[in-house]
Amino acid sequence: MTKQSKIHNLAELKAEITRLKVLKSEQEAYLKSQMTLLNHKIETPMRIFNVVKANVPGLNLITGLFSPAKNSGGTDSDWLTKVLRIGVPFVMNRFFFKKAGVLKKALLLLASEKALGQVNQDSISGIIGKVTNFIKPKKNKKRKGPIQNPPVIEDQVNEYGIPSYSETY
């Protein structure tokens with residue numbers, strides 16, 4: 001089916017163009033207002049969540065784990081460094097310093113945080129790579145002789161002009 005046009009002359013064409021421009025501006029205004037309402041509805045729970053998050057103690061430590069913050073060394077912390085910064089003091093306090101005082105535990109926390117700031121995923125993977133290279137047996141590969149070049153095709157019939165193997169049939 002083909003759509004029959006209502007436009008028969010230039011005046012009708014100009015009227016249709018202005019009608020479409022008005023329709024376009026009305027639709028844009030409607031969509032803009034709907035977008036504003038949606039943003040307002042979404043912002044309200046986010047504002048409430050941010051207020052609750054600001055008032056909960058210790059939540060900044062957890063969000064700091066997953067944010068791309070700088071560590072004490074000045075370089076970007078990767079996931080391994082962040083996990084070690086929290087895990088090592090916990091393990092040390094749990095298993096080795098059970099009866100230690102608060103001051104000793106706080107000093108341990110500060111010392112381990114500074115020390116683990118220098119440890120990152122690249123240094124751990126480098127150490128693991130060195131260990132695996134030391135453990136792996138070295139393989140002696142036998143080398144073959146030099147690779148032979150394929151023979152050159154020579155034109156046997158003619159020593160001049162177009163070679164015979166270049167003709168097509």
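**View 1. Accessible surface and burial in the predicted chain.** The accessible surface of the chain, calculated by the Shrake-Rupley method with a 1.4 Å probe, comes to about 16000 Å², and 65% of this area belongs to carbon and sulfur atoms. Of the 169 residues in the chain, 8% are buried, a term that stands for under 20% relative accessible area (1.4 Å probe, protein chains only). This is a predicted model, in which local features need pLDDT of at least 70 and side-chain atom pairs count only at pLDDT 80 or more, whereas totals for chains, interfaces and linings use all residues. Residues are numbered from 1 along each chain as its sequence is written, and side-chain values use heavy atoms, with hydrogens and water left out.

**View 2. Elements and contacts along the chain.** The chain holds five helices and zero strands, in the order α-α-α-α-α from the N terminus; helices are DSSP runs of H or I with at least four residues, and strands are runs of E with at least two. Among contacts (heavy atoms within 4.5 Å) with a separation of 6 or more, 40% join residues 24 or more positions apart.

**View 3. Packing of helix 3 against helix 4.** Helix 3 (residues 79-96) packs with helix 4 (residues 102-116) at an angle of about 150°, their axes lying 9 Å apart, where axes are lines fitted to C-alpha atoms over the stretch in contact and angles run from 0 to 180 degrees between N-to-C directions. The two helices are therefore roughly antiparallel, the word used for angles over 145 degrees.

**View 4. Residues between helix 3 and helix 4.** Thr81, Leu84, Arg85, Val88, Pro89, Met92 and Asn93 of helix 3 meet Lys105, Leu108, Leu109, Ser112, Glu113 and Leu116 of helix 4.

Note on methods:
Parallel < 35°, antiparallel > 145°, perpendicular 65-115°, else oblique. Buried < 20%, exposed > 50% of the residue type's maximum accessible area, 1.4 Å probe, protein only.
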